[in-house]
Structures are given as C-alpha cells and as structure tokens.
Amino acid sequence: MARARLPFSFARDNQVALDADQLLVGPAATVNGLREARRRAGTALKITRLDEDAFQAAFALVYNADEPAENEAAVVFDLEDDEASGKVRDILKDPSDAPVVRLVNGLLRQAVRAHASDLHLEPYEDGLRVRMRVDGTMRALLNRRDVPARRLVSRIKVMAGLDIAETRLPQDGRIALILGGRSIDVRLSTLPGHHGERVVMRLLDRTAGLMALDRLGLSEKEAQHLRRLAAMPNGIILASGPTGSGKTTTLYSLLKLANWQERTILTVEDPVEYDLPGISQMQINPDIDLTFARGLRSLLRQDPDVILVGEIRDGETAAVACEAALTGHLVFSSIHANSALAAFTRLADLGIEGYLTAATLRAVIAQRLLRHVCPHCATNEPTQPREKALFESHGIVAPVDLRHAQGCETCGGSGYLGRFGVFDILEITDAIRASINADTSDSHLREVVGPRPTLTTMVLDHVARGDTTLEEMHRVMGEDM
C-alpha cells in the first residue's frame, strides 16, 4: 500500500509531513495542518516534533524519496512564472503532464539525488545521451533514440532565460531551483554541434553547507596545521591540484576557520558555490569586464582582513594577490599545479618574481580526491607480486589482501561510494624562502625541502588500509605514479 502523503505546498506551508507512521511537526505547524495530516493518514500517528533545521532536513528527505516512474509528473517546474523575473522554481510542486517537462524534471531530480556535480545532455544523429558526473566520474542516465533532443534543449534554455532561437552561438545561463527545501543553483552552458546544441549543467547545492575538516579527509595533525594557517595575519595560502580535486572546498573550510568577529572577510569567485553567512561574496562577470584581477582590486578598497580569490589564472591576478599580501591581508586562492613544489614554477610562469613569491607565500596545499570503495560490494583478493613491489618501492608494507570494486545497487553500479581528500601541506620555511628568493633550480629546491611523503605515498597508505583501490589510485594520480 502506498504511503499517505500530503500535497507538497500544503505540507510546506503548514510545517507538517507524513513519514510512514510518523507525523513530522515543525515549530510553525498549524492546527489545520495537524488535522488534515491525521485525516489523510486514517490511523494513529507517532508525533515527532523538530526544530526548524531538523524539520527542513526531514521534509526534504520525505519529498525526495524515490517514487514510481508514473509519478514523475509530481516533479515539475512552474512554466507560468515570468522567465525573466528571477523567481525560484520548486521542482516538487505544480504537476504537469507535458512529456518534455516531465523528462527534464526527472533528469534534474535524479542528478540532485545522486549528488551529481554536473549533468550533460549530448545529442547525436537521431537521439540523446544524458550523463551525470558523480564523485568525479561520468554515469549514464539516459540514452534513447525517441527523445526530441531539440525540444529538451529548448525547454532548458527557456528555464534559464536564454534565446531559444539562437542555436549557432554558445550561451550561458542560470536556473534557481528548490527540491524539497534544498536550494539548487544550476549554471548552464550550451555549445553548438553538428547534431544540435550540447548542454552542460553545473549543480550547486546551496544548502549543503561547508564540510568539517575531519570530513575532508584530513588527519587531526593536518587539521591543526590548517587552523594555524588560517590564523596567520597576512600572506598567501594556495590550494593546488587539477580540476575537480576539491580546492574550492578546502579554501571554503579555511575561510570558515578564519571567520572571526574581529575580521572582515570578502571573496571574489566564479561561481559563488556556497552562501557564507557574514561574508561578502562577489561573482566575476567577464561580459562586463569584471575579472578576478579587477574584482580583487575593488575588494582591496573595502578594508578587508581576509580575501578569497577563487583562482589565480593570470599574471595580473597573481600580482594583485601578492600586492594584497604585502599590504597586510591574508589571501586564500587556488592554482593549477600538480604538486606543492610545482606551484612555485606555476607562479614563475605567470611572471611573479622569486623575491615576491618568497615574501608573500605562506603555504601550499596540494590535494587529490579519491573515491571510497563501496563497503557493500567490495571484495578482497590476495596481493599480487607486482602490486606488492609497488608498495615496497614507496616504503610501505604491502597488505595481504587488496580491496577491489564490484558494483551494486547502493553505489549505482560504480563500486565506489563517496570521496575523501589526500593532502600535502607544505609550509614555507626560512630555508625554502631563501631558495625561492635566489631563483634556484627545481632540483635544488627539492633538496632544500628535504624528504617528505608524496601524494602517491599517502594514497598508497589509503589503499593498504582498504579505503580505496589501486585502480582508483591509477585513475586519479595518472602520470604522477
């Protein structure tokens, strides 16, 4: 028998929700809501009273629960809203029978539930393939020849307020959604192709909140190190790594550590991924020439103590960041470099002199994100001689057995569930600073830094403990092996 359910809007407005034999009650619950919930349930209910945050979280779970495919129309967007008005659409209200609307909403709902970071719509000659990126890898969501790809793309462009008549040029847009109380910001990008426009949507969960340091994968020692860095009065702290390695999440966590009452904190980002209470955040806009460098210069006139620059992409941004650090500001930023030492070379490539890097840089955090092997379906197999040699070459005792991913319903067939970070925190000592100032070679700089665990060694430690697999290590580390 199907579970009794109150209409979404009614439950939200009256702060009541039916969950099996429970009646979830929020702090603003109404008598009318309680009466209707009991009438609809038809049986005695166990009342669970929750505070505002707990109710919203439970409410989202109830209305995000999987439903049969025939009920997909229960999740739709309000097409009657003025697309240019900037209204937020709630994808759990106002049912519709339009097949295209149902399909778009179903795809978005599945992506949000799977905690996907991106949703890709890829038209081909006579069909459409839809994939989503979960834990850094792509998963198939839909591949059908009977789907009207152009109509789907037009629907999405209308939601983002884009020009549906223009199919020859790339377009960028934004859609603000709500799914069961969760605020989802969708950044949309279209690209013309031979068989139609390709659409990629970046999904940002505004209500996810910042991750605690222990959830990032940091050890207690590393967490203490980050707390000390966040307490520094000035200088630059860089997070380095390839795209998708979690640099922004680390920077936000640092920013949270530095968010003291005595400090003014400002950010310039692309895009603003999380709303940070008490912090002023600015998003760059290249269309009006609001770049990282220009935005950073503007922030310096706002009397900040701490500044977050989403990414150092060019020499101008790097130079302004160094200027900010020299004038007494603490600057957090990210840079594309494969290791902590490679960040020095990258800054030099951007035109920053060694003496300036030495004077301003306080620490570099190199990192990678790896997937946890799924505990529900992983298998153990004896370690092979070749695998054993790999561990021993890095000074690690090889385990008797190694975990291997299989795939089950819980992990969506991928064999992995969730991700964790691996970090190499290099603090700039006087010896390193002197070497950078003298513009010494990379090999001499490595000698000055001295022997230290590499990211590969740290990942191998996790493999030996059964947190992940060798296959995942090779996928993430690649040539760094």
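How do the residues of the lining of the largest cavity divide into nonpolar, polar and charged? They comprise 8 nonpolar, 2 polar and no charged residues, where Ala, Val, Leu, Ile, Met, Phe, Trp, Tyr, Cys and Pro count as nonpolar, Asp, Glu, Lys and Arg as charged, and the others, Gly among them, as polar.

The model is predicted: local features need pLDDT of at least 70, side-chain atom pairs count only at pLDDT 80 or more, and totals for chains, interfaces and linings use all residues. Residues are numbered from 1 along each chain as its sequence is written, and side-chain values use heavy atoms, with hydrogens and water left out.

**Cavity and pocket**

On a 1 Å grid over the protein atoms alone, a cavity is a set of points where a 1.4 Å probe fits but cannot get out, whereas a pocket is an open set with protein on both sides within 12 Å along at least five of seven lines; lining residues have an atom within 4 Å of a point. Grid points are joined across faces, edges and corners, and a volume is the space filled by probe spheres set on the points.

The structure holds 1 cavity of 30 Å³ or more. Its lining consists of Ile236, Leu238, Ile312, Ala318, Ala321, Cys322, Leu347, Thr357, Thr360 and Leu361. The second largest pocket is lined by 20 residues, of which Ser339, Ala340, Leu341, Arg446 and Thr454 lie nearest its centre. This pocket lining divides into 8 nonpolar, 6 polar and 6 charged residues.

Helices (H or I, at least four residues) and strands (E, at least two) are DSSP runs, numbered from the N terminus.

| Site | Volume | Elements supplying at least two lining residues each | Largest share |
|---|---|---|---|
| Largest cavity | about 50 Å³ | β11 (235-240), α10 (315-326), α12 (354-360) | α10, 3 residues |
| Second largest pocket | about 500 Å³ | α11 (342-349), α15 (442-449), α16 (455-465) | α15, 4 residues |

**Sheet**

Strand β11, which contributes to the cavity lining, also belongs to an open sheet of 7 strands with mixed pairing, in the order β13-β12-β14-β15-β11-β16-β19. Two strands pair if DSSP finds at least two bridges between them. Because β13 (280-283) and β19 (416-427) stand at the edges with a single partner strand each, one side of each has no neighbour in the sheet. Neighbouring strands are turned by 20° against each other on average, direction ignored; axes are lines fitted to C-alpha atoms, for helices over the stretch in contact, and angles run from 0 to 180 degrees between N-to-C directions. Within the sheet, β14 (residues 306-309) and β15 (residues 330-335) run parallel and are joined by 4 bridges. Leu308 stands opposite Phe332 in β15.
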